[in-house]
Amino acid sequence: MAELKKEDLLKAYRTMREIRDFEERLHKEFATGKIPGFVHLYAGEEAVATGVCMHLNDEDRVASTHRGHGHCIAKGVDILGMMAEIYGKKTGSCGGKGGSMHIADLDKGMLGANGIVGAGGPLACGAALAAKFKGKGGVAVVFFGDGASNQGTILESMNLANIWNLPVIFLAENNGYAESTGVKYNVPTPNIADRAAGFNMPGVTVNGNDFFAVYEAAGEAIKRAREGGGPTLLECKTNRFYGHFEGDAMTYKAPGEVKQQREECDSLKIFAAKATASGLVTAAELEAIDKEVAALIDEAVEKAVAAPNPTEADLLTDVYVSY
Amino acid sequence: MSRKISYKDAINEALSQEMERDGSVIVLGLDVSGGSGSEGQKSDAWGGVLGVTKGLSLKYPDRIIDTPISESSYLGAAVGAAACGMRPVVELMFIDFLGVCFDQMMNQAAKFRYMFGGKAVTPVTMRTMYGGGFRAAAQHSQVLYNVPTHIPGLKVVVPSTPYDAKGLLIQSIRDNDPVVFMEHKALYAMKGEVPEESYTIPFGQANVVREGKDVTIVAIGRMVHTAGQAAASLAKAGKECEIIDPRTISPIDWDTILKSVEKTGRLVVVDEANPRCSMACDISAKVAQDAFKALKAPIRMVTAPHTPPPFSGALEDLFIPSAAKIEAAVKAIL
Ligand SMILES: Cc1ncc(C[n+]2csc(CCOP(=O)(O)OP(=O)(O)O)c2C)c(N)n1
Ligand SMILES: [Mg+2]
């Protein structure tokens, strides 16, 4: 915690709270039937996106996943635009054309959530290659799940990034499940990070529910990448609190599994306990953030619901730059 | 005996009956059982993402095989196993994921027989879900059945009803060539008469869904039903549409299509896919070439526009061909 100042702690908490409230609100709104399409919630995994993205600036690129809301918020994508996008509105981040699975903001270095599992690996290699040519120390992070860790694109990208010494961080978000399938079935090594040895890169596994553990490990990896030291495979072990997508009954989880995780591994509770114990921030300061974030999420939903739909004039646009 | 069941249950029943009959039939795919390696329910936790294979892992625990998210390797493994005596049914969750594993379908499964001088047999069935209407956006809503159709060596099946789904799936599994079996996600809940006993529907036999003398409408998959709505509305105005459902697009029953156009002199093709290099183009070109003299008006194609599928419902409803657009196309040539 040494290098983190009070304002950093408050910023980290705000980001994690924004992600949590955004997702919990979506869970409620989805149940009313007002939200179209497939929605994958990031609740439970906040410390991962936050601990990584605190080290990044807008020039650094992030390639995200189908479970992308947390990465977007942590990378600074506008929450009002995100909510409107999820409602399919014209005012959304992508004009209603992408939806939950495709939120992107290239100005913020967010290369997009992604509907294709494992697709971010090659994209991050490309972003890192571009950063290398620019020569300003930019890095790229690809977030991918335990399930995605078995996709050829991810494994090929690990090889590519290492032979080209690219500034890429392979950020494995191991939440124990790929849809309904447990990581024990899908991955033969005890840790996903064990695979790093096969590519001759550092592989690290940390508690992904502990912001401080993620922050520290990501900081080292990102620093190494910025300085030309090449890629790292960083695995964050975490939990998702909701179904694979909204509507999933989660029978593949043990009775009480999520309840126990919510009690013992809640990244916000862990953060609040450690941060207040440090003496740098007070419980009252965190509560003040809770209130502000709650108001922001209310505003986001209200505005999204009230916003106009795209119209027929939007149907044929945005396919090409010129045609 | 026949009873009404859903398209989804018809597919499930076809799989179950073929697995019962033939021990070399195995089913592979993401979460086709579900729960493998989990802390809770360890089998049949999902039965496929939309429950199409539900219950099968309880009946055939060793032959319903969950796969890692490695489409290239597990689809390819099904192809390899097929070339070595098994009869795999492999599920590609969404046709959009074809991009991840296309080589195994296009350069391996499709080509073995020809490249090896007619010696290889690759009886693999590749089941996959296609189509719009779920607000699933650009990477989970594409149609793409024209892509495997382009490739010699692959057969492509596009059932529009529960009856056809069951009979064509059983035929696909028994067929000795690689088959791409396309299931429209918006049809799973549709119910229809389906015999309990096992039966097959031969490939290359179109179904004349509705007879009429004024215009031929060739429609594929879910669009058969949209065309039906348009035809019902046009019937009120005294216009008689003949609707043809090819049911399989490779091979395709040209005779039935050509004969119908000879009779009506007019053709509208309804295809949910993007228009370029599409089934709509393919069918139109064949009719223009072989039945040109019978045509009394230009051929019309009703398709999605040349854009990716949009997310917003307001846009997707405009994107997918509608009954109103089909009706307008018919009126324009009558
Ligand atoms: C190429 C591809 N295959 C399959 C899917 C369907 N799918 C979406 S998410 C998912 C599970 C991903 O698991 P994991 O990588 O662990 O991420 P998590 O959902 O746990 O965040 C699957 C199989 C897909 N979107 N793309
Ligand atoms: Mg996972």
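Which residues come nearest to ligand 1? They are Val117(A), Gly145(A), Gly147(A), Ala148(A) and Ala178(A), out of the 21 residues around the ligand. The model is predicted. This briefing starts at the ligand, then turns to chain B.

**Ligand 1**
- The residues surrounding ligand 1 come from chains A and B, so the site is shared between chains.
- The shell around ligand 1 holds 10 nonpolar residues. It also has 7 polar and 4 charged residues.

**Where chain B touches chain A**
- On chain B, 36 residues are in contact with chain A. On chain A, 41 residues take part in this contact.
- Helix 11 of chain B, residues 313-319, gives the most to chain B's side, with 5 residues.
- By class, chain B's side of this contact has 18 nonpolar, 14 polar and 4 charged residues.

**The two domains of chain B**
- Chain B is divided into domain 1, residues 2-195, and domain 2, residues 207-333.
- The centres of these domains of chain B, taken over C-alpha atoms, are separated by 27 Å.
- The domains touch: 26 residues of domain 1 of chain B are in contact with 23 residues of domain 2 of chain B.
- Four elements of chain B each supply at least two residues of domain 1's side: helix 6 (146-149), strand 6 (155-157), helix 7 (162-174) and strand 7 (179-184).
- Strand 6 of chain B gives the most to that side, with 3 residues.
- Domain 1's side in chain B divides into 14 nonpolar, 9 polar and 3 charged residues.

**A cis peptide bond in chain B**
- The peptide bond from Ser250(B) to Pro251(B) is cis. Its omega is near 0°.
- Pro251(B) is in the loop between strand 12 (248-250) and helix 9 (254-264) of chain B.

**Positive phi values in chain B**
- Asp31(B) has phi near 55°, a positive value in a residue other than glycine.
- Asp31(B) is in the loop between strand 2 (25-29) and helix 2 (56-59) of chain B.
- Is Asp31(B) buried or exposed? Asp31(B) is buried, because 25 other C-beta atoms lie within 10 Å, and 20 or more is the cut-off.
- Arg247(B) has phi near 65°, again a positive value in a residue other than glycine.
- Arg247(B) is in the loop between strand 11 (241-245) and strand 12 of chain B.
- Arg247(B) also counts as buried, because it has 26 C-beta neighbours inside 10 Å.

Notes: Residues numbered from 1 in each chain as written. Chains lettered and ligands numbered in written order. Predicted model: local features only at pLDDT ≥ 70, side-chain atom pairs only at ≥ 80, totals over all residues. Near = placed C-beta within 6 Å. Nonpolar A, V, L, I, M, F, W, Y, C, P; charged D, E, K, R; others polar. Contact = placed C-beta atoms within 7 Å. Domains from an automatic or database assignment. Buried ≥ 20, exposed ≤ 12 C-beta atoms within 10 Å, placed from the backbone.
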